[in-house]
Amino acid sequence: MRAPKTGECYCGCGKPTKSYFAEEGGHDLKAAAMLHFIKYGTTNMAAILHEEGFGPEGENLTEKAKARGYQRLIDALKGLEWA
Ligand SMILES: [Zn+2]
């Protein structure tokens, strides 16, 4: 799946961009939060994962990604572990 680059930020703010989101940052996160709220009624990722059947009492998200052959994605996301 690939989105076309239109020159306008995908969050809906209307700002111009050479990529998918406005250059000052945060517009991708704002878009994700709005999409999650529209689809699930919350921006709480734990609640969304629970709704989708993932989490400590459900399916293991990382193991599912591995089973689907998404190891490169898992490795790339390791850099996002802040704590
Ligand atoms: Zn934007």
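Leu49 counts as partly exposed, because its C-beta has 15 neighbours inside 10 Å; a buried residue would need 20 or more, an exposed one 12 or fewer. The model is predicted. Leu49 sits in helix 2, which covers residues 45–51. The chain as a whole has four helices and zero strands.

**Around Leu49**
- Leu49 touches Phe54, Gly55 and Leu61, with residues up to four places away in sequence left out.
- Glu59 lies ten residues from Leu49 along the chain, and their C-alpha atoms are separated by 9.4 Å.

**Around Tyr20**
- Tyr20 belongs to the segment before helix 1.
- Tyr20 is partly exposed, because 16 other C-beta atoms lie within 10 Å.
- Ala3, Lys5 and Tyr10 are the residues that Tyr20 touches, again not counting those up to four places away in sequence.
- Between Tyr20 and Gly53 there are 30 Å in space, C-alpha to C-alpha. In sequence, Tyr20 and Gly53 are 33 residues apart.

**Helix 1 and its end**
- Helix 1 runs over residues 27–40 and has 14 residues.
- The end C-alpha atoms of helix 1 are 20 Å apart.
- Gly41 follows helix 1. The phi of Gly41 is positive, near 80°.

- Along the sequence, the secondary structure reads α-α-α-α.

**Overall dimensions and packing**
- The chain has a radius of gyration of 15 Å, whereas a compact globule of 83 residues would have one near 12 Å.
- Taken along the principal axes, the C-alpha atoms fill a box of roughly 40 × 30 × 30 Å.
- Of the 83 residues, 4% count as buried.
- Among contacts with a separation of 6 or more, 0% join residues 24 or more positions apart.

Note on methods: Residues numbered from 1 in each chain as written. Predicted model: local features only at pLDDT ≥ 70, side-chain atom pairs only at ≥ 80, totals over all residues. Helix = DSSP H or I, 4+ residues; strand = E, 2+ residues; numbered from the N terminus. Contact = placed C-beta atoms within 7 Å. Rg over C-alpha atoms; globule rule 2.2 N^0.38 Å. Expected span 1.5 Å × (residues − 1).
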